[in-house]
Amino acid sequence: MKIFFKLIAIVLIVSTTYSCDSFLVEEPYSFPSGSTLFESQANAELALTGVNEILNAQNIQGNGNHPLWGRGMHYLTNLGCDELIGSINEFSDPQPKMMTNYGYNSESQYVSDAWFALYAGIDRANNIIKYVPSIPAMDSTRRAQIISEARFFRGFYYTYLAWLFGAVPIPVVPNSNAYAAREPLSNVYSQIISDLTYASQNLPARNIITGRVNRYTAQAMLAKVYLYLASCKENQVGKDLDNPLNQFDFVDQADSYQKCLTLCDSIYHNSGYSLHPNYNYLFIADTKQLKAEILKEDLMMVNAGSGGSSEYLLFSYLSGPQGNITTNGGNYGNLRPLGELAERYDLTNDTRAIQNISGNMSSTLSQNILTIKYYSTVAVNTAGNNFCLDKFRQSDPTIRNALGIPTWASTLSFPLLRFADVILMYAEASYKVSANATNARKLLLDLRNRAAQLDATKAYILTQNYYRTDFMQELFDERSRELCAEGWRRFDLIRWGKLTSVVTNLNTTNVNSIKPNYYYWNTLYAAVIQGNYAPYKIWFPIPKRELETNPNLVPNSGY
Amino acid sequence: MKNYFYILKKIILFISLSVTTATIAEIKVTGSVTAADGTGVLPGVSIKVKETDRVSITDYNGQFSIIVPNESSTLIVSYIGMKTEEVIVGKRTNISVKLSDKSMQLNDIVVIGYGVANRKDLTGSLSSINSGELMKSRSGSLMESMEGKLAGVQVTSNSGEPGAGVSISIRGGNSINAGTQPLYVIDGVQIDVNNGEIGQSSNSVVTGQNPLSGLNPNDIESVDILKDASATAIYGSRGANGVVIITTKSGGKDAGSINIDVYAGVSNVNKYISVLQGQDYANYRFARNPASTVWGVDTNGDGKLDVVKDYSQMVSHDWQRELFRPGYTKSVDLSINSGQGSKLRFSTNIGALNQEGIIENNSYSRLTARFKSEYDANQKLTFGLGTNLSYTVADGAVVSNGPNSYTGLLQSFVLYNPFNSFDDAGNTDNGGLSSPKSFIQNAYKKTPMLRVMNDFSINYKILSNLILRLSINGGLTSSKGEEWYPTTTSWGYTKNGLAIISEASSQQWQTSNTLTYANTFTGGHYVNAMFGLEASEYYLSNLSVKGENFLVQTYNPVFDMSQASVYPDKPSSSKTKDARLSQFGRLNYILKDKYMFTASLRRDGSSKFGENNKYALFPSGAFAWKAHQEKFMKKQDVINELKFRLSVGATGNDRIDSYRSLSRLDKAYYSNFYGDNSDLGLAPAEIANPNLKWETTYQYDAGLDIQLFRNRIALTADVYYKDTRDMLLRAAVPGQSGSYFQWQNLGRISNKGLELSLTTTNISTKDFIWKSSLNFNINRNNVESLGSVSSIPVSVNGGWITEVGRVLVGHPIGSGWGYVFDGIYQTSDFEADGKTLKAGVTKISGITSIPGDMKFKDLGTDGIVDPQNDKTVISSSEPNHFGGFSNNFTYKNFDLSIFMQWSYGNQVMNLGRYRLEGYSPYYNVSTEYWQNAWTPTNPTNIYPAITGNGKIESSSYFVEDASYLRIKNIVLGYNLDSKLCKKLKVKSIRFYLTGDNLFTFTKYTGYDPEVSYYNKLMSGVDNISYPRSYTYTFGCRLSF
């Protein structure tokens, strides 16, 4: 009976909790809750890492698969031009395939994922910009740096949104209005310029964390924005499209070129960055030794590594030598070069051509670079069907296997802003401001010298071979030779107003029957690109998901 | 101990009886049998003299005569649908017997929430299945035993793998992001099916296991399924998907018994998919890769391969025939049940089952132990104590889906090169697969699960009609999955071995306390009122460790994880807690045994919801009318029961993960510059929703129960409409907010349907009885609204075809999405250059079509097929109707039951086909495809060319009719003659022979049309899954 009464007592005790609401209060055990983020300086650092992470996030809130520089952004910025093409019929997944051939639509995952990833980055930055100023007892220098870096990233992510989609909503306060409409480009760019200007004045010359952005990164990005705006205005980009929001009428062309020039001049002379003597080191940096090298030239890069949380690039989907991902470190060969790119180079004297234009990955040939083993590529065969753009490469996969890095993955540091690009922008802005081709050409000499591996004779030959009467023509080609597959060609062709003519004039056959057949991939797929292209496609479609969830958004014309 | 003596006494009594059956003076007895309800005489009633084989039967006028041995003889009077009576002859020679309706018998008591009810007095809709019916199938799984037998309940096992996951849907799926499985109540303990309780890694768990597979069908007395709101609303927030009440056996019935049930069976694969062998395979590979010197020979020296190599002498493996094996099943159950009339009643059972899969090294074993007891401390106070233990082990690296769901073992059975038998998983010619043989022999996967459930209760009769019941129960599960894929397997090859340990454990407790009052008042008023309080907590925690690159592989590293050179993921762990708090009550009122009213109300609180919406109310009401009790119905004797039921009510669903209403910070690691470590970052993720609340299902049900010709025909029909609102949706929010999803209450789904269940006694004579039962179900699901978007894409793992379905407003859940297949591009579709499509021929956007490619229908007017405008709904996972039909025959001591099951009108996207039709150059192809594929000389419009484009587009090409009619189960039983039993000193012996899944009539070309893909939003997808086997079982059941 005693037990019985004890039980009654237990039941009564439990019953008393019935009136107690605390019984239903949730105690999360395995994640921090949202309100704890900005409690301390340490947490502000964590939040800032979160802003950086977007660059190479594997997924965000469980959504997407390498939406930005891990994979997706390469598909959004490199394709449909005269450098790279998708080996369309060999694609198994329709999502990347439609990005290669202007087949994308408002339901394309890559477009939708990029939209969200960029806004997630902006939201993370917005949180910092709003809450870090009020963190108590924080080192004031570091506080300012953290806020400046967050403003850099907000400006940076907005720039990509504007480049990809045109006019976009511009929330600058967290949780402000999820249903805001698209702001015209003038407002978007004034926000971008304000953020990047702030960052370019307040960030330190080098970040206290190696490899993260600094004052010169912000200046270079700002220069990019001014150059983009000036040339869009000059070339009347999007003027003929029925997109009232995506117009560049507001831009002061001369002023923008001038500002770009000033910024480039400052970076050129003051930043301490320089061209690395070995062009090829810049695109194979997947080991510690080589990563240290690229710090000399790269103002901004996407970090990737094996630190135990899978921060990799999805290399097997990107441009690079086709090969066996498990044995020689090649990739699937999804993205292939076009003949137009090969023909832009002096294939014998330009070291960039030797790095970039080649056949697929060999399973036997290899070389050691700074003691690290890299498999080499074979020559392009006569038929041209092994033609690859081999700029980005990976070290021997056995090294990575031993570290537990999956075979599809790469720890390559991807260059986002290089000093070489600053020089090219400098040359372009200087020509636009002064119309003095000779001075502008002089700036290109450094690049040509490096391409010639500092061999004066070769450098002279390159200068001769690459000379075009119209300096801009020479610059168009030089940018491609130097920066191909780094995510600039599409934006360049758009701002120069050349995309339509470039796509229309892609060769669909090997016109002069050159051997090896660098036009192999042109003959297979260039016609498909031309068939799907339409001028309105300079803007990506606003994702259907966003149009549906936010009724205030309007689609880009044509979609 | 007392009970053992009791049983022993009985045994002794049997022996003495059998010795002393000497005849002294026989007596002739005559008499009549009438129905107790006054409806007249009963012809065909069986009269048997107890403990003899003397039998008689009543004539057309209900009269009988029989010779009995002596005055102490007992007559057993039995009749279908009536309660059996035993009458001691005594001094009488003329005996009149009245038989009452069987429904008054104990086995027509059904278990409802927090109580029991007489089936006749039910106002709600429920289906029941008893032990006898459950034991017919010897599949070993309780849920599979229920398959097809219950109206309104659709049971589908995910695959044929022993212990595989089972999905049960009661009256259609209610939800998109919240759970759709019913609530299980096992002896009062409420359990949600939670796959997270099984320790399995994401590497191989796409199909999943059934966390409740530890339930032993031998332990089960009855399963009652509550379907309509009147029945389920008492479970309030957990009742929306229906409730499955499982009652285990208890003692205290009859004379007590000791039972031994032993069976053994053998299973074999049902079907082989014909793939190429020998030279045919070489021919195909040469046709596919004309430049490969492995497959072709240059005979004339022109540098071009012109003839296929002769492979006719090479050993060719038919992997399916080599690696499917007969799987043996063994099971032993021993139970002891105490008899009537004791203060202590108990029932206990120990069972062991070992079930081999039809693939080597694949098995499933289960050990169960159960003890249930009740003790009457005095006339007012009864204590109950029960404990259930089960330990199951799923063994073998057998999964039909690999990490990408296409490099799994089952796929490699059909796709792997028949000439390769070596173990080189890295050979590119294998297309990422290792030899299936090597996989089977070298991979290791073990997933054990322990479940313990205890319950303790006190029943206290405060007054004779006022009962207080206090109960407290607790349960825990523990599971530690171990997986090891060495370098010789496809999953371990690139990693130099992969080992994973995943651990999951859960604890729960619950206390339910009820006060029940029942009384009959003069004037025919019956009242039953119940009020209860309940509280519960549930904890779940997980731990997972993964290691790669094992330098020593001569022993299994899951037992020595530190040997790994690399830990690719950080060790991870998690813990969640849910709490619930409820008050509930039910009032049942019956007027004159004709008009019945039930009302219930439950107030539930759940920790899962936002702080503004922790509590919700779930009311229900029902009315039933027993028309056969009306005077005007008494005049006829065709209809002996006619009952109309109406019910309405609200139930809830809270089956979402914990903490969804809270805002969350995600870990966001960013690699450091040198790439050798990652910096931890934190990022705001989903936005809090303090208003998050239950999704609510409003259900309306109208039902009819009718019994004709003295219960020889019984029909139950129900029509229902379920309207689920405020769906718990992981809703899309504008990306510009920085969040992708937020848990919201949005959207609406409806289900409407018809259920019929018909039981008939077709023939009933002295020696031969034939009964049939049929259930027929129609359910129509419709997505009414999705809130912020018009559709939600449904993707499956598998690399090539991923977006296979959509949840689309206006369509049922489980709709396939893709192009409409429109034949094959023929040479005549092209201009003379063979490349340019003729004007008017549909073009596929983005590719250059050539003859032999698949053609899709242009649904617009632009002549171009593109993914945005020309994809549509191409399949439906929902059947037009489904059901089961069983026939039971009894002839003397033999019984035979034949059970058939069907599903009609549902479709499956047979995605295994693009693999079997040459999408990958390395995989084998089906014979059917190879012989019929498009070539210039075979311009078929049905199969594309071997390198034809379009195979990896989601299209109606893959949609197949998955209707089927299956002879699910045949049981032939023989009960040993009672005399012989007596000689053998046993109560009864039964031998049985069972055949499961004997034959399936279907047009489906995959292994099995009964497909339930792990994604509940698109269950009609088949990626080559573990086939169901046919099984023969022989068993014996002894009772003492």
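## Salt bridges across the model

Over all chains, the structure holds 88 salt bridges, where a salt bridge is a side-chain nitrogen of Lys or Arg within 4 Å of a carboxyl oxygen of Asp or Glu. Before we visit a few of them, some notes on how to read this report: this is a predicted model, in which local features need pLDDT of at least 70 and side-chain atom pairs count only at pLDDT 80 or more, while totals for chains, interfaces and linings use all residues. Residues are numbered from 1 along each chain as its sequence is written, chains are lettered from A and ligands numbered from 1 in the order in which they are written, and side-chain values use heavy atoms, with hydrogens and water left out.

R495(A) and E428(A) form a salt bridge whose closest N and O atoms are 2.7 Å apart. The pair links distant parts of the chain, 67 residues apart: R495(A) belongs to helix α18 (residues 489–495) of chain A and E428(A) to helix α14 (residues 419–434) of chain A. Helices here are DSSP runs of H or I with at least four residues, strands are runs of E with at least two, and both are numbered from the N terminus. Are these two partners buried or exposed? R495(A) is buried, at 4% relative accessibility, and E428(A) is buried too, with a relative accessible area of 0%. The cut-offs are these: buried means under 20% relative accessible area, exposed over 50%, and partly exposed in between (1.4 Å probe, protein chains only).

Now move to chain B, where E86(B) meets K50(B) in a salt bridge with its closest N and O atoms 3.0 Å apart. E86(B) sits in strand β6 (residues 85–88) of chain B and K50(B) in the loop between β2 (46–49) and β3 (55–57) of chain B, so this pair ties together parts that are 36 residues apart in sequence. E86(B) is partly exposed at 46% relative accessibility, and K50(B) is partly exposed at 33%.

A further salt bridge in chain B joins the side chains of R370(B) and D219(B), at 3.0 Å from N to O. R370(B) lies in strand β22 (residues 363–376) of chain B and D219(B) in the loop between β14 and β15 of chain B, so parts 151 residues apart in sequence are tied together. Both R370(B) and D219(B) are buried.

## Two sheets in chain B

Strands of a sheet pair through backbone hydrogen bonds, either parallel or antiparallel. In chain B, 5 strands make up an open sheet with mixed pairing, in the order β10-β15-β16-β13-β14; two strands count as paired if DSSP finds at least two bridges between them. At the edges stand β10 (126–130) and β14 (189–192) of chain B, each with a single partner strand, so one side of each is left without a neighbour in the sheet. From one strand to the next, the twist averages 20 degrees, with axes fitted as lines to C-alpha atoms (for helices over the stretch in contact) and angles running from 0 to 180 degrees between N-to-C directions. Inside this sheet, β15 (residues 220–226) and β16 (residues 243–248) of chain B run antiparallel and are joined by 6 bridges. Opposite D224(B) you will find I245(B) in β16(B).

Another open sheet of chain B has 3 strands in the order β4-β1-β7, again with mixed pairing. Its edge strands, β4 (63–68) and β7 (94–99) of chain B, each pair on one side only. Neighbouring strands of this sheet are turned by 30 degrees against each other on average, direction ignored. Strand β1 (residues 27–35) of chain B pairs with β4(B) in the antiparallel sense over 6 bridges, and V29(B) has I66(B) as its bridge partner in β4(B).

For C1036(B), the nearest cysteine sulfur is that of C981(B), 10 Å away, and C1036(B) counts as buried at 15% relative accessibility.

## Where the chains meet

The contact between the chains takes 92 residues from chain B and 99 residues from chain A, with contact meaning heavy atoms within 4.5 Å. About 8,100 Å² is buried between chain B and chain A, and carbon and sulfur atoms give 58% of it. Buried area is the accessible area (1.4 Å probe) that two parts lose on being put together, summed over both. Y670(B), F673(B) and Q736(B) supply 13% of the area that chain B buries against chain A, more than any other three residues.

One of the salt bridges is formed by D676(B) and K288(A), with the closest N and O atoms 3.0 Å apart.

Definitions and conventions. A disulfide is a pair of cysteine sulfur atoms within 2.5 Å.
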